[in-house]
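Please look over the sequence and the structure shown here before reading on. The report that follows goes through selected features one at a time.

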Amino acid sequence: MNKLSKIEFSGGCSDTPILKERGQREVFCGLTSIIWLHRKMQDAFFLVVGSRTCAHLLQSAAGVMIFAEPRFGTAILEEKDLAGMADAHDELDREVEKLLSRRSDIKQLFLVGSCPSEVIKLDLSRAAERLTKLYAPKVRVLNYSGSGIETTFTQGEDACLASMVPVLSETDEKQLLLVGALPDVVEDQLINILKKLGIENIKTLPATQKDKIPLIGKNTFFALVQPFLGETAEVLEGAGLKRISAPFPFGEQGTTEWLRAIAKHFKIDENSFNEVISAPRARAKKAVQAAAKKLSGKSVFFFPDSQLEIPLARFLVNECGMTAIEVGAPYVHKSIIGPDLALLPNGPTISEGQDVDLQLDRCRKAKPDITVCGLGLANPLEGEGLSTKWAIELVFTPVHGYEQAGDLAALFSRPIKRREVLQL
Ligand code: SF4
């Protein structure tokens with residue numbers, strides 16, 4: 001991350017010492033992000049090169065959501081493949097051949113690596129190159145790792161997007177690139193506001209189709225829509241693109257500051273900016289106020305999971321009147337979440353990484369009104385009387401932008417209401 005452009009921020013929690021923990025952690029692996037990526041990239045297929053465990057994870061986590069022919073699968077390496085890597089490569093080529101001959105709709109194929117040592121030994125980047133040559137120009141084959149050894153669940157998206165950057169073609173056109181997979185409706189809303197501000201040339205990564213994949217160049221400015229895209233940001237900056245650093249577009253404040261940072265780069269004057277955002281901004285404020293009634297004066301504790309923790313804590317404290325006790329994130333990249341840290345009032349412990357038992361002790365002692373954590377911790381903590389919110393839901397639900405700000409607050413107020421009802 002140190003290759004990312006250095007931007008300094010001050011105030012709030014910018015200089016709060018970070019509690020760094022390295023121990024047992026409870027987080028899903030990067031394969032999980034295939035669940036939202038396959039919906040976004042409509043002509044892509046994700047072929048997980050993995051074990052039966054990987055197949056089970058995808059089937060149980062995502063299988064129920066698939067009604068049409070699925071756009072992901074698992075090439076399971078059997079014991080016999082361990083006999084030699086040549087066999088494993090042949091087996092993979094056969095699987096790809098079978099898949100592509102049956103499915104002419106596939107235009108982008110991702111080979112996704114996993115944990116088993118035999119998969120780690122397999123050179124998937126060589127396989128992707130070989131298969132790209134074989135199936136070009138109809139299908140482009142790329143690879144990345146979703147292994148639980150290397151990635152947490154949102155890092156799967158980061159690794160996927162980073163794998164796409166080196167093959168993007170060049171353009172000199174001045175343009176804005178929005179980076180991160182958003183639900184279509186949310187993406188359209190943000191693009192709509194940006195166009196009203198006068199920014200016409202807007203592209204997205206990932207794109208919905210292969211033929212809409214953006215061109216990039218030194219006149220491309222990019223803005224991340226998710227805080228977990230550090231590797232992608234680094235690769236884009238390495239390719240000469242300029243990053244627009246901003247708080248993330250969660251809630252009224254985050255969305256306004258994210259839009260403002262972009263508007264500044266495109267030299268849009270303050271009056272025009274205020275004119276365009278005033279109505280949706282007012283709607284967002286009103287919606288948050290209504291949904292936040294249950295949250296005001298309550299406390300929140302974040303376990304590290306999605307990397308959304310710091311921007312969400314900023315939203316809950318500044319807009320919903322909550323107190324953050326601890327904000328844990330798997331990684332704290334100040335170059336990415338610096339603007340959110342600067343807006344988060346001083347007070348909470350900021351922790352990076354995890355030693356789950358120590359963190360559970362701190363959480364039990366603090367008795368927060370709501371705990372944001374992974375599925376594995378939520379049930380036992382509920383059993384102990386704490387209200388929890390599943391972090392993974394925040395990635396699956398549309399939560400960005402002005403129009404979703406009220407829904408975002410409601411996601412946190414629901415568990416509190418539920419517990420109040422149970423206690424009656
Ligand atoms: Fe597969 Fe590893 Fe994820 Fe388990 S943690 S599902 S083995 S990639």
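## A buried serine

A residue is called buried when its relative accessible area is under 20%, exposed when that area is over 50%, and partly exposed in between. The model discussed here is a predicted one. Serine 413 has a relative accessibility of 2%, so this residue counts as buried.

Serine 413 belongs to helix 16, which covers residues 405-423. Leaving aside residues up to four places away in sequence, serine 413 touches Ala291, Lys294 and Leu295. Between serine 413 and leucine 177 there are 34 Å in space, taken from C-alpha to C-alpha, and the two are 236 residues apart in sequence.

Four strands make up an open sheet, in which the order is 3-2-4-5 and the pairing is parallel. Strand 3 (72-76) and strand 5 (140-145) stand at the edges, and because each has a single partner strand, one side of each is left without a neighbour in the sheet. From one strand to the next, the twist averages 25 degrees.

Six bridges join strand 4, residues 108-113, to strand 5 in the parallel sense, and phenylalanine 110 has leucine 142 in strand 5 as its bridge partner. Helix 5 (residues 124-135) packs on the sheet, where it touches strand 2 (44-50), strand 4 and strand 5, and its direction makes about 170 degrees with that of strand 5. Helix 6 (residues 155-164) also packs on the sheet and touches strand 2, strand 4 and strand 5, with its direction at about 140 degrees to that of strand 5.

## Residues in loops

Two cis peptide bonds can be described together with their loops. One joins alanine 136 and proline 137, with omega about 0 degrees, and proline 137 lies in the loop between helix 5 and strand 5. Another runs from leucine 205 to proline 206, with omega near 5 degrees, and proline 206 is found in the loop between strand 7 (202-205) and strand 8 (220-224).

Lysine 267 is not a glycine, although its phi is positive, at about 55 degrees. This lysine 267 lies in the loop between helix 9 (251-265) and helix 10 (270-291), and with 72% relative accessibility it counts as exposed. Glutamine 307 likewise has a positive phi, near 75 degrees, and lies in the loop between strand 10 (299-302) and helix 11 (309-320), but at 7% relative accessibility glutamine 307 counts as buried.

## A nonpolar surface patch

On the surface, Phe28, Leu375 and Trp390 form a nonpolar patch, and together they have about 250 Å² of accessible area. Phenylalanine 28 is placed in the loop between strand 1 (18-22) and helix 1 (34-40), and its relative accessibility of 33% makes it partly exposed.

Definitions and conventions:
Residues numbered from 1 in each chain as written. Predicted model: local features only at pLDDT ≥ 70, side-chain atom pairs only at ≥ 80, totals over all residues. Heavy atoms only, no water. Pairing = 2+ DSSP bridges. Axes fitted to C-alpha atoms, helices over the stretch in contact; angles between N-to-C directions. Contact = heavy atoms within 4.5 Å. Buried < 20%, exposed > 50% of the residue type's maximum accessible area, 1.4 Å probe, protein only. Patch = residues over 30% accessible without salt bridge, like charges linked within 9 Å, V, L, I, M, F, W, Y side chains within 5 Å. Areas by Shrake-Rupley, 256 points an atom, 1.4 Å probe, with all protein chains shown as cover. Salt bridge = Lys/Arg side-chain N within 4 Å of Asp/Glu carboxyl O.
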